[in-house]
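Let's take a walk through this structure together. Have a look at the sequence and the model first, and then we'll go step by step.

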Amino acid sequence: MNDQPVIEIENLWKSFGTNQVLKGFTMNLFTGENVVVMGKSGSGKSVLIKCIIGLLPVDSGKLMVLGKSIPELNQKELDRLRMDVGFQFQGSALYDSMTVRENLEFPLRRHPEKLQGLDRNKLVEEALENVGLAHAIDMMPAELSGGMKKRVALARTIIMRPKIILYDEPTSGLDPVTGKEISYLMNAIKEMYNASSIIITHDLACAHITGNRMIILHDGINYAEATYDALSKSPNEPVKAFFE
Amino acid sequence: MAGMRTLKTYFAETGEITLFTARYFREFLFPPYEFRELLRQCFLIGNKSLALVSITGFIMGVVLTLQTRPTLVEFGAESWMPAMVGIAIVREIGPVVTALICAGKIGSGIGAELASMKVTEQIDAMEVSGTNPFKYLVITRVTACILMLPVLVILSDFVSLIGSAIVEHLKGGVSFQLYFSNVFEYLKFGDLIPSVSKLFFFGLAIGIIGCYKGFTSKKGTEGVGRTANSAVVISSMLVFVLDFIAVLITDIFYEL
Ligand SMILES: Nc1ncnc2c1ncn2[C@@H]1O[C@H](COP(=O)(O)OP(=O)(O)OP(=O)(O)O)[C@@H](O)[C@H]1O
Ligand SMILES: [Mg+2]
């Protein structure tokens, strides 16, 4: 089981007009592992995971998620697949006209089949408890701190019990202590839901805590790939720059 | 050169708005239908503009009557007052003024709301969680505009006529009963058809422009303000253009 990747990316190309962002990117994600992707601002990290979830169309290359080729799926198949893939946005992306409860209920409304025999309220409460925010259930997003927003967004992601979670800078904009709390929470969630994750981050502490493996995205390709410890000792200039 | 480029973006945008409108009608027909959100939007639109529309309607009625009164008195035609004001308000002033207020209040609100949802990736988040954002956000808001504008116009017309009747009562001693029976004597049902049918297009224009501008707004929070602004400018202008076309068409029918 463990040698079958849940995400398989090979020679992926993506450009916006004349701006070549991904130039033959390759990576795999296996069951039950966390892969950290690091890269400079603007290197295309967000673009990469938006391609994975089908928010952006790719130019060419192989992109398989849970055995399905993303570019070949129609809208219905894509929606079905997205039930199993959670996406944590860089800015949390909470719906600011809705309460925390309504935010969490929103992904449930389109997928009643996944709710069979489960109580909607229970699911919401359980997800909030798992991120330590049970008391915030009736608050509006505007009333939450940055760290709380990230937690609520995390709860909204895990409520669908995804097999894969894609994190876009889960700790950015937080103080180091809260950042670490979120990182440990991500590890706890991985254990709880047995999910595999791609984690995009600039935060070394987060990368160290959560990552089983690390990839440096540089110049549109998978520039270096190893464990945190191995990469942190690398003499290679662009790699070294991240650990200074 | 710069002029050419502006002209090119103008035509490109017109084309995109046309496609956006076509998409509205296409997706409107197919499920899933977001009834709850539609009802919520109708309520919000009504709630937001009720006071504004009533106040401006009342003032329009009062001002129109006060200003035309001396002229009519001079020609000894004061008894024409209810008919004249009634027709002016129901056929033209009520729909156009209310539509302009809605373009300002609702069009800018929709534009700013969707633009900030776009910038903060809330629209992407919807898409990822399996909800079609076009159906959930655009269809509901545009439909709510189309449905609520006639309601607001009827309210505005009614309040205007009351304002006018009050002036007539105070200045000319005309009873409310006489005033309104006079208005309805001259106001034909046929007067309602052109004004209601142009309201459909006003509502469509206000909703579509607000949503289109919001959906296509560029990154950055300053984009939100600019979006709201251009939504108001374009939809107000469209209200006048559509009104002009509607009046031309009605004119042809009157001559027949
Ligand atoms: N929707 C889009 N349209 C056009 N260009 C885009 C779009 N999204 C991203 N880009 C471009 O792709 C490049 C990579 O952007 P991306 O958001 O992936 O960077 P990032 O690695 O996530 O950076 P950061 O760490 O700042 O979030 C940038 O040059 C950006 O301008
Ligand atoms: Mg990014």
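How many nonpolar, polar and charged residues are in the lining of the largest cavity? Sorted by class, that lining has eleven nonpolar, four polar and two charged residues. Here Ala, Val, Leu, Ile, Met, Phe, Trp, Tyr, Cys and Pro count as nonpolar, Asp, Glu, Lys and Arg as charged, and the others, Gly among them, as polar.

Before going further, a word on the ground rules. This is a predicted model, where local features need pLDDT of at least 70 and side-chain atom pairs count only at pLDDT 80 or more, while totals for chains, interfaces and linings use all residues; side-chain values use heavy atoms, with hydrogens and water left out. Residues are numbered from 1 along each chain as its sequence is written, and chains are lettered from A and ligands numbered from 1 in the order in which they are written.

Back to the holes. On a 1 Å grid over the protein atoms alone, a cavity is a set of points where a 1.4 Å probe fits but cannot get out, while a pocket is an open set with protein on both sides within 12 Å along at least five of seven lines; lining residues have an atom within 4 Å of a point. Grid points are joined across faces, edges and corners, and a volume is the space filled by probe spheres set on the points. Counted this way, there are four cavities of 30 Å³ or more, and the largest cavity holds about 200 Å³ of space. Its lining is made of 17 residues, and those nearest its centre are Pro107(A), Arg156(A), Thr157(A), Val128(B) and Ser129(B). Two or more lining residues come from each of β6 (85-88) and α5 (146-158) of chain A and α4 (122-128) of chain B. These labels follow DSSP runs, numbered from the N terminus: helices are H or I with at least four residues, strands are E with at least two.

Now for the largest pocket, with about 860 Å³ of space. It is lined by 33 residues, and the closest to its centre are Gln75(A), Asp79(A), Glu127(B), Asn132(B) and Pro133(B). The elements giving two or more residues to this lining are α2 (75-82) of chain A, along with α1 (2-29), α4, α5 (133-172) and α7 (189-215) of chain B. The largest share, six residues, belongs to α2(A). By class, the pocket lining splits into 13 nonpolar, seven polar and 13 charged residues.

What about domains? Chain A is assigned domain 1 (1-84 + 163-176 + 195-244) and domain 2 (94-161), with bounds that come from an automatic or database domain assignment. Both domains of chain A give residues to the lining of the largest pocket, so the pocket lies between them. Twelve residues from domain 1 of chain A and eleven residues from domain 2 of chain A take part in the contact, where contact means heavy atoms within 4.5 Å.

Chain A also has sheets to explore. Strands of a sheet pair through backbone hydrogen bonds, either parallel or antiparallel; for pairing, DSSP has to find at least two bridges between two strands. One open sheet has four strands in the order β2-β1-β4-β5 (chain A), with antiparallel pairing. β2 (19-30) and β5 (68-69) of chain A are at the edges with a single partner strand each, so one side of each has no neighbour in the sheet. Helix α1 (residues 45-52) of chain A packs on this sheet, touching β1 (5-16), β2 and β4 of chain A, and its direction makes about 120° with that of β1(A). Such angles run from 0 to 180 degrees between N-to-C directions, with axes being lines fitted to C-alpha atoms, for helices over the stretch in contact. Strand β4 (residues 60-65) of chain A pairs with β5(A) over two antiparallel bridges, and Met64(A) has Ser69(A) in β5(A) as its bridge partner.

The other open sheet has six strands, ordered β6-β7-β8-β3-β9-β10 (chain A), and its pairing is mixed. From one strand to the next, the twist averages 20°. Here α5(A) packs on the sheet, touching β6 and β7 of chain A, at about 165° to the direction of β6(A).

Chain B, finally, has eight helices and zero strands.
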